[in-house]
Amino acid sequence: FEMGRVQEAGQLARDFVDVALDAQTLQAVGQMLREAHLDADAERCLNKYLKLQPNDADAWADLAKLQHRTGRVTAARQSFVTGYKLDPQRLFDRLQRDQELYDIAAPLFQQRK
């Protein structure tokens, strides 16, 4: 990715997602895919990761952001809520620093009033 060979690097990352069996590898590959803005591949990787680590609130927030970028607002909000239920303080702290995540979550907090 750093050499600008996004297509080749993306294919390697996709291959890693296909064969990876451990959460640590999936987490690292998912981060690379998100940084390269290969959102569909990153989402597939995160979904596989979350099957192994369903209690990772940050991963649910990252999934929400990917879903939001592709226009799936309801799915994004559901993913955010899942992560928020796991670790409300962690995700509330992220909302303070992450405008994209705030945009997903703000309507949910407004509904509670």
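Phe80 is buried, at 2% relative accessibility (buried is under 20% relative accessible area, exposed over 50%, partly exposed in between; 1.4 Å probe, protein chains only). The model is predicted: local features need pLDDT of at least 70, side-chain atom pairs count only at pLDDT 80 or more, and totals for chains, interfaces and linings use all residues. Residues are numbered from 1 along each chain as its sequence is written, and side-chain values use heavy atoms, leaving out hydrogens and water.

A search of the whole structure finds 3 aromatic pairs (rings of Phe, Tyr and Trp, the last by its six-membered ring, pair if their centres lie within 6.5 Å; planes under 30 degrees apart are stacked, over 60 edge-to-face, the rest tilted). Phe80 and Phe109 form an edge-to-face pair, with 6.5 Å between centres and 75° between planes. This pair links distant parts of the chain: Phe80 is in helix H5 and Phe109 in helix H7 (residues 99-111), 29 residues apart. Helices are DSSP runs (H or I, at least four residues), numbered from the N terminus. Phe109 is partly exposed, at 25% relative accessibility. Tyr84 and Phe109 also pair edge-to-face, at 5.6 Å centre to centre and 80° between the planes. Tyr84, in helix H5, lies 25 residues from Phe109. Tyr84 is partly exposed, at 22% relative accessibility. Phe80, Tyr84 and Phe109 form one aromatic cluster.

The axes of helix H5 (residues 73-86) and helix H6 (residues 88-97) come within 5 Å and cross at roughly 125°. Axes are lines fitted to C-alpha atoms, for helices over the stretch in contact, and angles run from 0 to 180 degrees between N-to-C directions. H5 is therefore oblique to H6 (under 35 degrees is roughly parallel, over 145 roughly antiparallel, 65 to 115 roughly perpendicular, the rest oblique). From H5, the contact (heavy atoms within 4.5 Å) includes Phe80 and Tyr84. From H6, Leu91 and Phe92 are among the residues involved.

The largest nonpolar core holds 17 residues, of which Leu33 and Tyr49 touch the most other members. Such a core is a set of buried Ala, Val, Leu, Ile, Met, Phe, Trp, Tyr and Cys residues joined through side-chain atoms within 4.5 Å. Helices H1 (6-19), H2 (23-35), H3 (39-52) and H4 (57-69) each supply at least two residues. H3 gives the largest share, 5 residues. Another core, of 11 residues, lies apart and includes Ala61, Ala76, Phe80 and Ile104.

Asp41 lies in helix H3. Asp41 is buried, with a relative accessible area of 15%. Not counting residues up to four places away in sequence, Asp41 touches Arg14 and Leu33.
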